[in-house]
Amino acid sequence: LLAGHPDGLAMTDMEKLGLPTASLYRMLVTLSELGYIIRDGSDRYRLGRKLLALAYRSIDESSLIETALGPMRDLRDRTGETVMLGVLYGDEGVVIESVKSNRAVCVSVRIGHHYPLHTAAPAKAMLAFLPEPERRAILGRLVYTRFTETTLSGAKELEHELAGIRETGIAYDLGEELRELRCAGSPVLNAKGYPVAAVWIGGPESRLDQSTLRQYGAMVRNLSLIHISE
């Protein structure tokens with residue numbers, strides 16, 4: 001039930017399960033304590049990172065992840081930086097695979113990690129290529145939390161950046177959530193041009209200056225990975 005409602009459900013919304021209220025409450029408490037679901041400040045429940053991580057790890061060999069790993073490792077070896085794969089999940093993004101850099105100082109992200117849609121390069125890469133009605137609906141729901149001085153301030157500013165991403169096929173995160181982090185990403189498009197995922201590279205600002213980041217962004221965009229039909 002929760003898997004079908006990425007934005008979460010209140011306990012009263014789960015009466016359709018037909019479970020006794022006391023039993024439902026005990027299940028929710030147990031699952032929350034174990035990290036499989038999350039209870040937010042408004043008393044709504046949604047799937048937690050721990051359950052998402054288990055689900056993504058169970059995808060079979062014909063999956064997007066299996067297809068993506070080869071190009072991701074190649075890009076990691078060519079750049080020395082961490083390469084990640086993610087998808088949209090409601091009004092957030094989720095990391096579903098990561099090929100970690102071998103450098104002493106590098107980006108390290110957990111499978112199942114959630115990221116904001118208005119700051120992250122992969123999120124912007126996917127948003128840019130969504131059908132307009134779907135994109136506008138998401139942009140209208142987002143909370144534009146300001147993390148740093150470079151964080152985009154609202155839907156109008158984000159939509160302007162997305163228009164540029166549609167032209168270049170590359171999205172950037174220029175310290176928009178963490179000041180020292182730089183990322184460049186591109187969408188994974190299916191045969192109909194729908195963004196089913198995004199692949200991106202991330203590293204510290206000290207190594208990814210503007211010139212290097214744009215060079216690596218072009219490498220991400222040019223991977224055959226972005227033409228996968230899934």
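The model is a predicted one, in which local features need pLDDT of at least 70 and side-chain atom pairs count only at pLDDT 80 or more, while totals for chains, interfaces and linings use all residues. Residues are numbered from 1 along each chain as its sequence is written, and side-chain values use heavy atoms, with hydrogens and water left out.

Helices (H or I, at least four residues) and strands (E, at least two) are DSSP runs numbered from the N terminus, and two strands pair if DSSP finds at least two bridges between them. Three strands form an open sheet with antiparallel pairing, in the order β1-β3-β2. Its edges are β1 (9-10) and β2 (37-39); each has a single partner strand, so one side of each is left without a neighbour in the sheet. Two bridges link β1 to strand β3 (residues 44-47) in the antiparallel sense, and Leu-9 stands opposite Tyr-45 in β3. Helix α1 (residues 21-34) packs on this sheet and touches β2 and β3, its direction making about 105° with that of β2. Here contact means heavy atoms within 4.5 Å; axes are lines fitted to C-alpha atoms, for helices over the stretch in contact, and angles run from 0 to 180 degrees between N-to-C directions.

A second open sheet holds six strands, paired antiparallel in the order β6-β5-β4-β9-β8-β7. At its edges stand β6 (114-116) and β7 (171-174), each with a single partner strand, so one side of each has no neighbour in the sheet. From one strand to the next the twist averages 35°. Strand β5 (residues 92-99) runs antiparallel to β6 and is joined to it by three bridges; Val-94 stands opposite His-114 in β6. Helix α7 (residues 210-221) lies across β7, β8 (181-189) and β9 (195-204), at about 20° to β8.

Turning to charged side chains, a search of the whole structure finds 14 salt bridges, each a side-chain nitrogen of Lys or Arg within 4 Å of a carboxyl oxygen of Asp or Glu. One of them joins Lys-124 and Glu-161 (2.8 Å, N to O). Lys-124 lies in helix α4 (residues 121-128) and Glu-161 in helix α6 (residues 155-168), so the pair ties together parts that are 37 residues apart in sequence. With buried meaning under 20% relative accessible area, exposed over 50% and partly exposed in between (1.4 Å probe, protein chains only), Lys-124 is buried at 0% and Glu-161 is partly exposed at 23%.
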